[in-house]
Structure formats: C-alpha cells, structure tokens
Amino acid sequence: MNIVALIPARAGSKGIKNKNIKLINKKPLIYYSIILAINSKLINEVYVSTDSNKIKNISLKYGAKVPFLRPKKFSEDNSSDLQVFKHFINWYKKHIKKDIDYIVHLRPTTPFRKLVTIEKAIKIIKKNKKITCLRSFTKSEFTPFKMWFKKNNNFAYPVILSKNKHSIARQLLPQSYDHNGYVDILKVKNTISNCSMTGKNIYLYELNREKECCIDIDVKKDLKQSMKYLKNFSIK
C-alpha cells in the first residue's frame, strides 16, 4: 500500500508574508509538517508542492522531496486544493509510474501535530474500506443554527433554514463541528481521480480541543499564540 504525504506550500500569503517559512523557535513553519511525516512509519514518501525555489530548498534541507516547482496557474490566491492535488497526482503517475492509495494532506499552517494522532487516523481509513476521505474536526464553539446573513435591504435571514431552531436553547440544537485542518487523508481513487477532495463518505475524525493543538496560523496574532505551545510540544 502506497501512502504519500503532500504538503502544499505556495509563496504567496496575504495575512503573513512568507508565512510557510516564518521562523517558530528557530525553525521554519513548514519544518514541523515535514519532520512529522518523515517520522511516521506508515507514510512511504513526503512531498512538498511549491512554486518557490526558497521553500523548495528549505524543504529539501529537512528531508522532503520537491521534484518540481508548481506552475503559477495552480499557485494563485484563487487556486483550489483540487487543482494542486490533481497536478501532483498527474506528475507522480508520469514520473514515478506508480499509483498512490492514500494521500495524507498536511497543511504547514497547522504545525503542532502529534504523530500518534496522525497514525491513528491513517489506521482508521485503511481499516474501513467505505471511507473515501478522513477529515479532522473539533466541536464548534458556536452553532450555525444561530448564525445569520444580512440582505442588502438590512433584513436578516438564518444561515440554516429550519423551523425556528434559531430561537431555541443552544443545548437542544444538534452538535456541529469545525473542520480544523489538522489532517486530511484522501483515498485517491475515490477522490482526486473523481475530481473531488472528499468523495461520498467523509469520516469525522474528532479531536479534543484540550488535548490537541489545532491552531491554524493565518494572521500575525496566530504566530504569537503559537509560541506558548512550543514549551511542551513534542510530535510524540
């Protein structure tokens, strides 16, 4: 079984310049995703997909494979994950001439993962053949049943159309979950090969917000917040 980790890391970033290689504890942000994937006994290869020579050289230094620079048309602000993953799969089939069974999607902006948590996720999707994609989630702090849109005429309408669920006690509402980007695992033949990032059967891999650091570094305040996790952080 061929399990490959893919770490997408383009150069452009609106919130933080050069975000993917910002130093955290004297290590570039992308280092944490690379080193975790390399330490996994269940992941066969670790690739970085980037449009930047600088990110490429840093990634190679820490042991990732970066055999190409991603084309600009797949590295824009509006480029989709699906475009990036299809480009990688097509390159892999052409040059490596092998199929990939599962891709472990590791975003460099979520650096503080535990190896045991990632490997548990891999074992779950390998064991259950019906799963087309596994995604990590945490329980939502706010319910979408009480969220609203504003129309141009200043009238409000609920995000979720339901029979007055927006006006009942929160405890009586269904629990919702946030997709947190800690890890996604895709079964290639049921997802990318079918022009989908999820397929039909998405496994909800619930993480405990108190036990896992699910921070997604997007703006400068996230960088400051991330520093407090470094004192006790270990991928093990």
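This is a predicted model: local features need pLDDT of at least 70, side-chain atom pairs count only at pLDDT 80 or more; totals for chains, interfaces and linings use all residues.
Helix 1 is mostly covered, with 8 of its 11 residues buried. The buried residues are Leu29, Ile30, Tyr31, Tyr32, Ser33, Ile34, Leu36 and Ala37.

## Helix 4

Helix 4 (115–127) has 13 residues, which should span 18 Å at 1.5 Å a residue. Its end C-alpha atoms are 18 Å apart, in agreement with that expectation.

Buried positions in helix 4 are Leu115, Thr117, Ile118, Glu119, Ala121, Ile122, Ile124 and Ile125. These buried residues pack against helix 1 and against strand 1, strand 5, strand 6 (133–139), strand 9 (177–187) and strand 10 (202–206). An α-helix has 3.6 residues a turn, so residues three or four places apart point the same way.

## Thr109

Thr109 sits in the loop that runs between strand 5 (102–105) and helix 4. Is Thr109 buried or exposed? Its relative accessibility is 10%, and because buried means under 20%, Thr109 counts as buried.

The side chain of Thr109 makes a polar contact of 2.9 Å with the side chain of Asp216. Leaving aside residues up to four places away in sequence, Thr109 touches Lys19, Asn20, Leu29, Ile215, Asp216 and Ile217. Of these, Leu29 is also listed among the buried residues of helix 1.

## The largest pocket

The largest pocket holds about 590 Å³ of space. It is lined by 26 residues, and the closest to its centre are Pro8, Arg10, Lys19, Asp81 and Thr109. Lys19 is also one of the residues that Thr109 touches.

Helix 3 (81–95) and strand 9 each supply at least two residues of this lining. Strand 9 gives the most, with 3 residues. By class, the lining of the largest pocket divides into 5 nonpolar, 11 polar and 10 charged residues.

## The second largest pocket

The second largest pocket has a volume of about 320 Å³. Which residues are the closest to its centre? Of the 14 residues that line the second largest pocket, they are Asn180, Arg209, Cys214, Ile215 and Asp216. Ile215 and Asp216 are also touched by Thr109, and Asp216 is the partner in its side-chain polar contact.

Strand 9 and helix 5 (220–226) each supply at least two residues of the lining of the second largest pocket. Strand 9 gives the most to this lining, with 3 residues. The lining has 4 nonpolar, 4 polar and 6 charged residues.

## Gln175

Gln175 is found in the loop between strand 8 (156–158) and strand 9. Because its relative accessibility is 43%, Gln175 counts as partly exposed.

How many residues apart in sequence are Gln175 and Lys139? They are 36 residues apart in sequence, while their C-alpha atoms lie 7.3 Å apart in space. Gln175 touches Lys139 and Ser140, not counting residues up to four places away in sequence.

Terms used
Residues are numbered from 1 along each chain as its sequence is written. Side-chain values use heavy atoms; hydrogens and water are left out. Helices (H or I, at least four residues) and strands (E, at least two) are DSSP runs, numbered from the N terminus. Buried means under 20% relative accessible area, exposed over 50%, partly exposed in between (1.4 Å probe, protein chains only). A polar contact is a pair of N or O atoms within 3.5 Å; within protein, one must be able to donate a hydrogen and the other to accept it, and residues adjacent in sequence count only if both atoms are side-chain atoms. Contact means heavy atoms within 4.5 Å. The expected span of a helix is 1.5 Å times one less than its number of residues. On a 1 Å grid over the protein atoms alone, a cavity is a set of points where a 1.4 Å probe fits but cannot get out, and a pocket is an open set with protein on both sides within 12 Å along at least five of seven lines; lining residues have an atom within 4 Å of a point. Grid points are joined across faces, edges and corners, and a volume is the space filled by probe spheres set on the points. Ala, Val, Leu, Ile, Met, Phe, Trp, Tyr, Cys and Pro count as nonpolar, Asp, Glu, Lys and Arg as charged, and the others, Gly among them, as polar.
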